[in-house]
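This report covers the aromatic pairs, the nonpolar cores and one surface patch of a protein model. The overall composition follows at the end.

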Amino acid sequence: MEGDFQFLLCARCQREARNPRLLACLHTLCSECLEENKPAGQCPVCAIPIQTSERFPPQDNLLFINLQAKLNTYQKIVRNQELLCNLCKGGAEFWCVECEEFLCLKCYEAHQWYMKQKSHETQQLADLRKETAQSFLEGARKSCNLFCAEPSHNNQIISIYCRGCRKPMCCSCALLDGEHYNAKLYSDIRVEIESRKEELSRVKVELVEKKRSYESTYHNVQERLQKLEKVRNETRELIQKKVKDMVQWIQHKGEELVEKVDRRLCLEQEETKKKLESTEQFLKRMEAGEQLVEKMDLFASDQEVMDMQPFIKDSLERLKKEKLPASSFRIQVENFDEVKGELQDLLRRVKGEDAFGCTVSTPGSCCSLVNSDSLHNEKTPPRSQGVKTQRPTYTVSVAKTPQGF
């Protein structure tokens with residue numbers, strides 16, 4: 001089953017097909033694979049439903065069966081193993097293609113005398129060992145005769161085909177066929193065989209032409225599919241590159257905004273710290289005045305009250321008239337409105353329609369971290385306990401490439 005005879009293997013399991021069965025789709029399966037694939041109801045090679053009707057039942061592939069048998073015989077011959085005569089069990093030296101038997105020299109002479117009128121072709125095994133398998137099979141095919149299956153007709157050679165009965169006949173069968181004998185429905189069996197071969201060859205030529213047309217269509221579709229995959233890959237690479245550039249650009253802009261916020265925060269913190277320090281000093285002065293008055297009330301003598309009261313009173317009056325340094329100070333949260341405005345502008349640019357006209361919905365993305373409804377709100381009301389709040393969803397459309405890409 002090597003080389004030119006791989007076609008004899010089962011189309012499914014790729015092993016030597018035992019009891020090969022020919023399907024209507026012209027694929028050949030071994031009986032085991034056909035039985036295993038019966039529940040699927042289709043050919044395992046081309047996926048065509050297996051037709052089990054009376055018109056197209058799976059049938060034995062007689063060509064494969066006979067070729068396998070002849071190849072097995074050829075292998076026995078070329079292996080130089082000792083072959084025995086099928087008649088006397090002596091050492092075989094000849095092979096009769098018609099009888100499909102090995103013959104020794106004595107049986108060969110008797111065979112030639114007895115079969116001389118039947119033109120049986122017999123060859124020496126030494127000559128057959130020099131032939132290739134293909135030559136052996138071709139010789140076996142050319143010399144093969146058809147014999148009548150009727151036992152009483154003494155193995156007569158079939159030479160007639162009846163178009164009425166649609167079956168081959170020997171001369172005895174034709175004489176006994178009174179219905180079609182005089183109807184001129186008989187023809188030579190060789191003519192019928194050649195006619196069937198020509199019919200198969202003609203169908204094959206038509207099939208080859210149709211196959212070429214289908215192959216051309218198949219290759220065109222395959223090329224279009226390859227081009228489609230190429231365009232897909234190029235478009236994916238372009239999208240990934242542009243998205244990567246856009247993400248880098250947005251990250252850069254975000255870092256700039258964060259740095260700007262940090263700078264503003266540093267300025268506000270420094271100013272606030274200074275005012276907190278002055279407020280702390282003012283509170284210490286008030287605390288010192290409060291403690292001094294309490295101690296004067298508890299421990300000061302009249303003389304000490306008379307001497308120190310004017311100075312303490314003036315100091316307290318001045319302290320009372322002074323304004324708390326942080327009383328009029330409020331953290332300038334509005335100073336961050338400029339940054340929020342820039343962020344809102346960036347959000348609008350990103351949410352614009354891109355060059356390909358596609359909109360990408362990305363809930364929870366980097367842009368969805370900023371809710372446009374809360375950009376101008378300084379405080380977010382706390383979430384109520386026990387009440388589920390729905391997280392806002394933001395739609396981000398890939399914008400046209402911003403400046404700086």
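## Aromatic rings and nonpolar cores

In this predicted model, F5, F7 and F64 are joined into a cluster through ring pairs. The count of aromatic pairs comes to five. One of them is formed by F5 and F7, with 6.3 Å centre to centre and 40° between the planes, a tilted arrangement. The two partners fall into separate burial classes: F5 is buried at a relative accessible area of 14% because the limit for buried is under 20%, while F7, at 40% relative accessibility, counts as partly exposed.

W95 and F102 form a tilted pair as well, with ring centres 4.8 Å apart and planes at 50°. The angle decides the class: planes under 30 degrees apart would be stacked and over 60 edge-to-face, so a pair at 50° is tilted. W95 is buried, with a relative accessible area of 7%, and F102 is buried at 9%.

| Residue | Relative accessible area | Class |
|---|---|---|
| F5 | 14% | buried |
| F7 | 40% | partly exposed |
| W95 | 7% | buried |
| F102 | 9% | buried |
| V243 | 38% | partly exposed |

W95 and F102 also belong to the largest nonpolar core, which has 18 residues. Together with I77, L125 and F136, they touch the most other members of this core. Helix 2 (62–78), helix 4 (125–129) and helix 5 (133–142) are the elements that give two or more residues to the core. Helix 2 gives the most, with five residues.

Which residues does F102 contact beyond its neighbours within four places in sequence? They are T73, I77, L83, L84, C85, N86, A92, F94, W95 and L125.

On the surface, I239, V243 and V247 make up a nonpolar patch with about 210 Å² of accessible area together. V243 lies in helix 7, which covers residues 189–299.

For the protein as a whole, the secondary structure consists of nine helices and nine strands. Of its 405 residues, 23% are buried. The accessible surface is about 30300 Å², and carbon and sulfur atoms account for 52% of that area. Among contacts with a separation of 6 or more, 53% are between residues 24 or more positions apart.

Notes. Residues numbered from 1 in each chain as written. Predicted model: local features only at pLDDT ≥ 70, side-chain atom pairs only at ≥ 80, totals over all residues. Heavy atoms only, no water. Helix = DSSP H or I, 4+ residues; strand = E, 2+ residues; numbered from the N terminus. Buried < 20%, exposed > 50% of the residue type's maximum accessible area, 1.4 Å probe, protein only. Contact = heavy atoms within 4.5 Å. Areas by Shrake-Rupley, 256 points an atom, 1.4 Å probe, with all protein chains shown as cover. Patch = residues over 30% accessible without salt bridge, like charges linked within 9 Å, V, L, I, M, F, W, Y side chains within 5 Å. Salt bridge = Lys/Arg side-chain N within 4 Å of Asp/Glu carboxyl O. Phe/Tyr/Trp six-rings, centres within 6.5 Å; stacked < 30°, edge-to-face > 60°. Core = buried A, V, L, I, M, F, W, Y, C linked by side-chain atoms within 4.5 Å.
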